[in-house]
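Reader: I have a structure open and would like to go through parts of it with you. Could we take a pocket and then some helix packing?

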Amino acid sequence: MKKLHSATLLILTILFMNTIQGQETKILVLIHSDNGGTYELAKEVAKGIESKGNVKAFIKKVKSSDIPSLKNIPIATVEELTSYNGIAFGSPIYFGNISTPMSEFLSKTVDLWSKHGLEGMPATVFMSAGSGAGKELAIQSFWNSLAVHGMVLVSNGIRGTKNIDNTIPQGNTVLGTTSLASFKNVERPTKSERLLANLQGQNFAKVAHALKSTFPTTIGITENNKKIDVNTVLKDKKIELPKVPKPAGSYEPYVRSGNLIFINQVAFKDGKVVNPGKLGLDINEKQVNEATKTTMLNVLAVLKDAVGGDLNKVKKCVQLTGIFNTTDDYTKHANLMNVASNLMFEVFGEKGKHARATYGASSIPVNSSVEIQAIFEVE
């Protein structure tokens, strides 16, 4: 009987390990790129990663950009980092160090560090240099930040040397691929640098796939270890969203750029403005609070439409701006805006916490007492 039990346990263990190994390995290629050079390397790294089979690369950036080639790349959040099986970091080199936007992003990972959220996860680094001075120093500086998290640092090693064009300067290092962006009359990244980036991706994919079952990953945004279902929250709190208001002019209800949604709304409901007028002359604070809630529900209705009807795709309420129609001597705009902020936290929990601006205006379109501008990050 003991032999049968042991054999059964062994079979189940093998089946479990095969299932783990069979699952797709997810690797984040996280970049900041000033002029597109780092992004070009990132694409080669991603190609190398995905050449290994059953490994998927996701290129995301740490900061928005107006450069056409970078504009539609999704922006990563700190919260999502633990959902991957490995991270390949890419950054320009700033005076022998990582770029300021990448440094600012890493500075937001303190909570992950305190919870050992990235401990044991493999990481690799590639960078875009100017003259090439300080490239090893910059990568080592990058490694220092990742080592604090307890990440497994994967170097590029010596690879691809037989296929490198040695007639022009290259950004090759054993720590990670770099590109020398400032040399004139030479395409950057060069074919050799692209090859090295591709090989780095291949090597990293192999390591990440091998290590993925050795550390935990957290998929999705959780609160008290339970996944939040926004639809359930709305139902439980008896929050009903209105129909999406039709534009009153030549504009769209929302605009999506990358993974950001931009929305502007006023206090419009059932074909009319709720509590129109100026606070202090025509209406009181209680009436403005009601108008503010109506406006914020309109924002949510538009947001739901923007994400295809599933508010669970919202990753973060990034920014709210409240504009209130008040007399010149009114100064309690922040209290009025708390109605909108509290509703965001009530619906989305931690994802609803946001940056905020609030100010008064002499008038608002359609004589609304409030207008709210909102920015959301979505999947």
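Reader: How do the residues of the lining of the second largest pocket divide into nonpolar, polar and charged?
Author: In this predicted model, the lining of the second largest pocket comprises 11 nonpolar, 3 polar and 7 charged residues.

Reader: How much space lies in that second largest pocket?
Author: The space in the second largest pocket is about 530 Å³. It is lined by 21 residues, and those closest to its centre are Val62, Ile75, Ala76, Lys108 and Glu377.

Reader: Which elements give two or more residues to the lining?
Author: They are helix α4 (100–107) and the strands β11 (260–266), β14 (314–325) and β16 (370–378).

Reader: Turning to the helices, at what angle do α2 and α7 pack?
Author: Helix α2 (residues 37–50) packs against helix α7 (residues 191–211) at about 45 degrees, and their axes are 6 Å apart.

Reader: Is the crossing of α2 and α7 left-handed or right-handed?
Author: The crossing of α2 and α7 is right-handed.

Reader: Which residues make the contact?
Author: From α2, they are Glu40, Leu41, Glu44, Val45, Lys47, Gly48 and Ile49. From α7, they are Glu193, Arg194, Ala197, Asn198, Gly201, Gln202 and Ala205. By class, this contact of α2 with α7 has 5 nonpolar, 4 polar and 5 charged residues.

Reader: And what about α9 and α10: within what distance do their axes come?
Author: The axes of helix α9 (residues 285–306) and helix α10 (residues 333–348) come within 8 Å, crossing at roughly 40 degrees. These two helices, α9 and α10, are therefore oblique to each other, and their crossing is right-handed.

Reader: Which residues of α10 make the contact?
Author: Helix α10 contributes Leu336, Val339, Ala340, Leu343, Met344, Val347 and Phe348. Among the α9 residues in the contact are Val288, Met296 and Leu300.

Reader: How many residues of each class has the contact of α9 with α10?
Author: The contact of α9 with α10 has 12 nonpolar, 2 polar and 2 charged residues.

Key. Residues numbered from 1 in each chain as written. Predicted model: local features only at pLDDT ≥ 70, side-chain atom pairs only at ≥ 80, totals over all residues. Heavy atoms only, no water. 1 Å grid on protein atoms, 1.4 Å probe; cavity = no way out; pocket = protein on both sides within 12 Å on 5 of 7 lines; lining within 4 Å. Points joined across faces, edges and corners; volume = space filled by probe spheres on them. Helix = DSSP H or I, 4+ residues; strand = E, 2+ residues; numbered from the N terminus. Nonpolar A, V, L, I, M, F, W, Y, C, P; charged D, E, K, R; others polar. Axes fitted to C-alpha atoms, helices over the stretch in contact; angles between N-to-C directions. Left-handed = near helix turned anticlockwise from the far one by under 90°. Contact = heavy atoms within 4.5 Å. Parallel < 35°, antiparallel > 145°, perpendicular 65-115°, else oblique.
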